[in-house]
Amino acid sequence: MDALFLTAFVLACPVLVILAGSLLLYGIPIRSSVRLFLREDTLWESVTVAWGFGGIRLLHERQGAEFTLLAGPHALLTYLATPKSNLPPASKGDAELKEEIGTPAHSGTGGDYRLVSPLIRPSVALFSAIWRESRFDGMQGRITLGTGDPALTGEIFGYYWASRFLLEAMRVTIELEPVFDREVFSCDLEASISIRHP
């Protein structure tokens, strides 16, 4: 009898652990945010995806890209990638090797759709499931705008104030700062989306 209980316990433990883990992962939402920062000579955008305590962030700017592995708000590992224009020029041996290898020849007149067609229906089903579970959490930020024409800038600012309460009802909180004496555009915007049951 003890052997039967021990066997049942040994079989039930992994099943319960997998079931509890699945329910826990199902209940933890995936939070993602996209941020755009633009000033006169600075432009960068970042995408952050977090699930529970872990997450990843991809930051792109003119100097290159940065990939960061996150644990909560803290960075665990950062990988930097710089554009190829900053690399030294290729040696003569590399160019000769490329000429020797040549470019690959294309076979056939078009793509082989037999490989792609079985993936279309599952991809559409996955996208529709993600769309149903997604929720727009909000957008916040600050925009500085000047068109160079004070009347046009004032008109845009008036339209903004007329639609501000509608935007806030849609969880969009943007502060617009008008500049009447020069032409300028800068922004710092962040939009957040969550998937409730991944």
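## A first look around

Where pLDDT is low, the predicted coordinates should not be read in detail.

Now for the surface. A nonpolar patch sits there, including Val 34, Ile 56, Phe 67 and Tyr 79, and its residues together have about 900 Å² of accessible area. The elements that each give two or more residues to the nonpolar patch are strand 2 (43-51), strand 3 (54-61), strand 4 (64-71) and strand 5 (74-81). Which strand gives the most to the nonpolar patch? That's strand 5, with three residues.

Leu 76 is one of the patch residues, and you'll find Leu 76 in strand 5. Leu 76 counts as exposed because its relative accessible area, 60%, is over the 50% cut-off.

Next, have a look at Arg 171, in the loop between helix 4 (150-169) and strand 7 (172-178). Phi of Arg 171 is near 65°, a positive value in a residue that isn't glycine. Most residues other than glycine have a negative phi. Arg 171 is partly exposed, because a relative accessible area of 38% falls between the 20% and 50% cut-offs.

Here are those two residues side by side:

| Residue | Relative accessible area | Class |
|---|---|---|
| Leu 76 | 60% | exposed |
| Arg 171 | 38% | partly exposed |

Methods
Residues are numbered from 1 along each chain as its sequence is written. This is a predicted model: local features need pLDDT of at least 70, side-chain atom pairs count only at pLDDT 80 or more; totals for chains, interfaces and linings use all residues. Side-chain values use heavy atoms; hydrogens and water are left out. Patches are made of residues with over 30% relative accessible area and no salt bridge: like charges are joined within 9 Å, nonpolar side chains (Val, Leu, Ile, Met, Phe, Trp, Tyr) within 5 Å. Accessible areas come from the Shrake-Rupley method with a 1.4 Å probe; for residues, only the protein chains shown count as cover. A salt bridge is a side-chain nitrogen of Lys or Arg within 4 Å of a carboxyl oxygen of Asp or Glu. Helices (H or I, at least four residues) and strands (E, at least two) are DSSP runs, numbered from the N terminus. Buried means under 20% relative accessible area, exposed over 50%, partly exposed in between (1.4 Å probe, protein chains only).
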